[in-house]
Amino acid sequence: MLKVDALCTDYTDAHGRLVHAVQEVSFEVGTGKLFTLLGPSGCGKTTTLRSIAGLERPQAGTIAVDGTVVYSSAQGVFVAPNKRSFGMVFQSYAIWPHMNVFQNAAFPLEVGSRRMTKQAIREKVMRVLHTVGLEELAGREATDLSGGQQQRLALARALAMEPRLLLLDEPLSNLDAKLRERMRFELKRLQHELGLTTVYVTHDQYEALALSHEIAVMNAGRIVQIGTPRDIYERPRDKFVADFVGSTNFIEGTVVASENCAHRYRMQTALGVLLAESASRLTSGDHALLSVRPEDIALTLNVPAGDNVCTGIVRAIVFLGEFLDFQIEAGGQMLLVRCHPTVEVVAGQTVYLQLSPEKCIVVTEPTSRWK
Amino acid sequence: MTTTDTQRRIELKWVIVAVAIAAVAYLALVPLAFLLWESFFTPRSVTRAAEFTLENYRTAYGSLETVRLFVNSLQYATGSALFAFVVGTLLAWMNERTNTPLKTLFFALSLIPLIIPGVLFTVAWIFLGSPKIGILNMLLQRLFETDYVFFNVYSMWGMVWVDGLHYSPMAFLLMTAAFRSMEPALEESAMMCGAGVLQTLWRITLKLAWPAVFATLLILFVRALESFEVPALLGLPVGIHVFTSSIYQAIHEYPSQVGLACAYGVTLLVITTAGIYLQSRLTGRGGRYSTITGKGFRPRVIDLGRWRYLTAAIFVVYFLLIVALPFLVLVWSSLQKFYAPPSLAALQQLTLDPYRFIIAYPPLLPAVMNTLLVAVGSATVIMLITSVICWITVRTKLPGRWLLDMLASVPLVFPGIVLGLALLIFYLNFKVGVYGTLTILFLAYLTRFLPYGMRYNTTSMLQIHRELEESAMMSGSTWSTTFVRILLPLLKPGLIAGWIYIVIVSTRELSTSILLYSPGTEVVSVVIWELWENGQYVELSALGVMFIIGLLTLVLTAQLLGRRFGLREV
């Protein structure tokens, strides 16, 4: 449906330096899918989204929707944003303060190229306001809305024009934590019901994991990995992805031998010999970096049966309500281990750690110098 | 289809930029160029073409007179700036950082002088402080039974006093802004680091306020250099010349010495340009000091204890000097047949004749119409033009935008009288039917107040989140629809505020108009000036009283309206 190919954007910053904001970004989004661009601030995700919207003009590449090219450097095509009929929800919501709720949502229908009767506009606006649950507030001043209502209104306005593509630029980042969680479900439900092809930009990994069909993790202007949320979380390809999405422990090691099982290798680490998985082929003697999530390390007081077991000393315990975070010193390095709060261990105690082999993932070092 | 669309859109933008640059350049640069040209050439006449000459500068700089002129101007501007600054800063500090009683009321009242036209304020102070007829002198002389002249406004000190007093509210406003924008946490964290009150004041507060202090002083200095009314009314009669009054005199001599006036004008322009440049550098760098965040901080208020009655008394005295006395003396004089200082005898002679005279005064009605027409016209055109220009400079990345911004700020360096002079020369040489009409005044006001429109519109444009426009674009709206339906309504509070400000300043304007008016195109301030020249003091006072009341009504209505419009501001 949406096809972005080899998109590049450079600009000179305030100090006159050339910044490669977006480099060789390519991806495809299927009809009705929610695709997320995830990354830290300055990684180029917003620039990519704004290029799709037409609010920014890239240097090179192609953007096509349903086979229609809206931007192509080779063909010299650039369709103005107001001719693309994409709906967009901005980070600030961009609700016009001089209009009421109805007028805000009706605006796209009044200014669009399609002429509509007053009656038709009214029906349509009330329908989208109903969809987002704001029909009661149609006559209210936009400035009297709460943050969550403004967010819904922004969404309603984007939906009113029946967009070919919905673009969401960090739409939840201005809401408080509780509301954000609720809106996350709401968005997912709406997107699913309306079957809208959506591109979503966020720096919040939980949002990305919760909402997306597919995620592209971006760093320093490039896409580092594209995959389903589970893929990204469980099989991060490189150190940056593992570190940025969720929290993780890194363990350095050297490959000793490959196992019978595919992709599984035995390696020597500071914690002893560990079994780990690697997507790429490794040979004995290769240096490798392991990533293992804190919740994939089991903590026990007695020696557990099976592979990948080591001992450690509890240095600190943090109570976080839903779980306990342990700082455990093992093999000369600190490991973060996450357990159910029923586990009863005190600081200074020696414990056994078991790292499940299928969750010990070999990641590559990122090519950029991003830390 | 898409390619042509794109090209048309870009071309439209370029057309707008080109038109905007051309219009602004015409307004700002043409007079400047002609001023320079004229200062280096002999006057063109029927028999002789203009020739290159340095004679004007030789005349201007070849005499000791000029050294005195220079010294006088600097002395006057420095004195007036310092006086206004000290008074304004003290009041700003009292208002912002102390618990002086009724300070909010004083805050509102002390802004009134900004509305009173300079010519009226000066005339009022002549009535108060002239050695012969000054009320203050007479009161004190009667009290101490002497002939000693306590006040003489016809002196350098008198000029500094009147001008400094008149512009102290400006210093007050600027320093209030500086005090307000200062993050109290910066001072508090210094205290938490163990610094005492004085150490904090010296090492944090003053260091942070320094750019604001210096910028304020520079603005006041440049403004005093440009001021015309006080030097003309108080300086000229006793031979104290400054640049502005000398330019006026050179033009009004017979034969008029346009070249000489231009040489003075160029000199003055160089000084004011330097001042404005320095000031803009200072405020531009101000961003480095993170005190200016635009956030409203809760001010830290010092409890003055019993001293607060003293500060309240200072406020009262200030209010008397700057509003009550000048206004009352005008009222008094407007109720006399011939000007006489207040006395029991004079009290019996009270009459409304001056009002009857002035209302029936033939030139008045046309002058009022002219004033309204030019003020409202220029304010409207300026606010609309600058809203487009500001959109270009703030929102686009078009290559020409910095030039546009700079050009639109050029008129800031023009003293009113120099701008009048430049336009006079230009339209005398280019006979396009503008000279001697109201259009020349309109063009002059347009040029002179263009930077104010820029300032108001830039401020409000910066406050409008870019995404508000972008979401309109994403909704399918064209550039012009977005501009009319989204931007202009959002700019409205700033547009109205700027419009009112320009209407007020152009209504009071004298120094440009004094060189450009012709019989039939007088504005109210020019009529006041003429009445003064004719010695019709009581009639002048009657007109002045009505003028001030009219301006006050305008401002109060505007504020009420502004509050209503402001409600929807986000």
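Helices are DSSP runs of H or I with at least four residues, numbered from the N terminus. This is a predicted model, in which local features need pLDDT of at least 70 and side-chain atom pairs count only at pLDDT 80 or more, while totals for chains, interfaces and linings use all residues. Residues are numbered from 1 along each chain as its sequence is written, and side-chain values use heavy atoms, with hydrogens and water left out.

**View 1. Helix H5 of chain B, residues 118-129.** From first to last C-alpha, the 12 residues of H5(B) reach 16 Å, close to the 16 Å expected at 1.5 Å a residue (1.5 Å times one less than the number of residues). Because 12 of its 12 residues are buried, H5(B) is largely enclosed by the rest of the structure (buried: under 20% relative accessible area, 1.4 Å probe, protein chains only). Among the buried residues are Phe121(B), Trp125(B) and Phe127(B).

**View 2. Domain 1 (2-240) and domain 2 (247-363) of chain A.** The bounds come from an automatic or database domain assignment. The domain centres, taken over C-alpha atoms, are 39 Å apart. Contact (heavy atoms within 4.5 Å) links 8 residues of domain 1 with 11 residues of domain 2. The two domains bury about 760 Å² between them, 51% of it on carbon and sulfur atoms; this is the accessible area (1.4 Å probe) lost on being put together, summed over both.

**View 3. The salt bridge between Arg235(A) and Glu277(A).** Their side chains meet at 3.7 Å, N to O (rule: a side-chain nitrogen of Lys or Arg within 4 Å of a carboxyl oxygen of Asp or Glu). Across the interface of the two domains of chain A, the rule finds 1 salt bridge. Helix H7 (residues 229-234) of chain A gives the most to the side of domain 1 that touches domain 2, with 3 residues.

Conventions
Chains are lettered from A and ligands numbered from 1 in the order in which they are written. Helices (H or I, at least four residues) and strands (E, at least two) are DSSP runs, numbered from the N terminus. Buried means under 20% relative accessible area, exposed over 50%, partly exposed in between (1.4 Å probe, protein chains only).
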